[in-house]
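Here are my notes for someone opening this entry for the first time. Have a look at the sequence and the model, then read through the points below.

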Amino acid sequence: MPSIAATPELDYKSETYKDAYSRINAIVIEGEREAQDNYIQLGEILPDQKEELIRLSKMESRHKKGFEACARNLAVTPDMEFAVKFFSELHQNFQTAAAEGKLVTCLVIQSLIIECFAISAYHIYIPMADPFARKITEGVVKDEYTHLNFGEVWLHEHFEESKAEMEAANRQNLPLVWKMLNQVENDARVLGMERDAMVEDFMIAYGEALSNIGFNTRDIMRMSALGLSA
Ligand code: Y39
Ligand code: FE
Ligand code: FE
Ligand code: FE
């Protein structure tokens with residue numbers, strides 16, 4: 001066995017790689033842009049914590065700029081039209097919840113589900129990334145834990161009164177993530193990212209978050225498996 005992990009060679013300059021990158025990178029840029037907006041909106045709903053939420057929003061803006069630089073570095077044009085469509089259902093659910101003042105649902109969508117999706121994708125991407133993108137993504141993933149923690153802390157402190165809404169928000173939105181992942185499974189594989197590895201990493205991050213919030217093992221198993229086989 002070689003001492004260095006036996007990963008297939010990725011040709012970052014090939015048309016195949018760049019074509020897949022134009023969609024995955026666009027998803028990440030659009031995700032970061034929407035996350036930036038979402039934290040600003042959360043600051044309106046939670047005026048006590050507005051300053052902290054603006055700080056998180058600015059971090060998302062920096063992430064977006066970092067990933068835009070990754071595309072330029074590979075001379076890739078991100079397919080933003082694809083990315084906007086990719087996020088549209090989740091985005092709409094956040095907007096509807098925000099308009100109804102459903103803070104718990106907004107936190108579940110952005111700070112739990114989307115952050116865990118980002119954390120798992122970035123973890124699996126980092127060892128496969130080109131050196132420029134790897135450095136950027138390593139910095140970003142640390143921030144995403146701060147964002148996840150924000151949601152965990154608030155939901156933990158309001159566990160009993162938020163439990164039913166968290167379950168409903170999970171039921172409505174978690175199946176969307178698996179649907180989204182299926183749509184980009186083939187592109188992700190071209191970048192060296194296997195779907196099963198992302199699902200496993202997501203389950204770990206999401207399960208840990210639900211546990212920190214106060215859910216028991218039975219609830220966690222029931223909640224995190226929702227829609228996975230769809
Ligand atoms: O909180 C954040 O910064 C998250 C918005 C960014 C979204 C990242 C979305 C990653 C999905 C990648 C899927 C690759 C297969
Ligand atoms: Fe919008
Ligand atoms: Fe981010
Ligand atoms: Fe984030």
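1. What share of the residues in the protein chain is buried? Buried residues account for 53% of the 230 in the chain. Here buried means under 20% relative accessible area, exposed means over 50%, and partly exposed is anything in between, with a 1.4 Å probe and protein chains only.

2. A quick word on ground rules. This is a predicted model, in which local features need pLDDT of at least 70 and side-chain atom pairs count only at pLDDT 80 or more, while totals for chains, interfaces and linings use all residues. Residues are numbered from 1 along each chain as its sequence is written, chains are lettered from A and ligands numbered from 1 in the order in which they are written, and side-chain values use heavy atoms, with hydrogens and water left out.

3. On to the fold. The protein chain has 8 helices and 0 strands, so the order from the N terminus reads α-α-α-α-α-α-α-α. Helices are DSSP runs of H or I with at least four residues, strands are runs of E with at least two, and both are numbered from the N terminus. The radius of gyration is 17 Å, close to the 17 Å that the globule rule gives for 230 residues, so the chain is as compact as a globular protein of that length. That radius is taken over C-alpha atoms, and the rule is 2.2 Å times the number of residues to the power 0.38. Along the principal axes, the C-alpha atoms fill a box of roughly 50 × 35 × 30 Å.

4. Now contacts, meaning heavy atoms within 4.5 Å. Of the contacts in the protein chain with a separation of 6 or more, 81% are between residues 24 or more positions apart.

5. The charges come next. The protein chain carries 23 positive and 37 negative side chains, and the centres of the two sets lie 3 Å apart. Lys and Arg count as positive, Asp and Glu as negative, and His and the chain ends are not counted. Each charge is placed at NZ of Lys, CZ of Arg, CG of Asp or CD of Glu.

6. Do look at the aromatics. The whole structure holds 8 aromatic pairs. Rings of Phe, Tyr and Trp (its six-membered ring) pair if their centres lie within 6.5 Å; planes under 30 degrees apart are stacked, over 60 edge-to-face, and the rest tilted. Tyr12 and Tyr17 have ring centres 5.1 Å apart and planes at 90 degrees, so they are edge-to-face. Tyr17 and Tyr21 are stacked, at 5.7 Å centre to centre and 20 degrees between the planes. Tyr12, Tyr17 and Tyr21 form one aromatic cluster. Both Tyr17 and Tyr21 sit in helix α1 (residues 15–45), 4 residues apart, about one turn of the helix, and both are buried. Tyr17 has 2% relative accessibility.

7. Where is Ala75? Ala75 is in the loop between α2 (50–73) and α3 (80–99). Phi of Ala75 is near 55 degrees, a positive value in a residue other than glycine, and Ala75 is exposed at 53% relative accessible area.

8. Asn212 lies in helix α7 (residues 195–213) and is partly exposed at 43%. Leaving aside neighbours within four places in sequence, Asn212 contacts Glu152 and His156. Lys135, in helix α5 (residues 131–157), is exposed at 66% relative accessibility.
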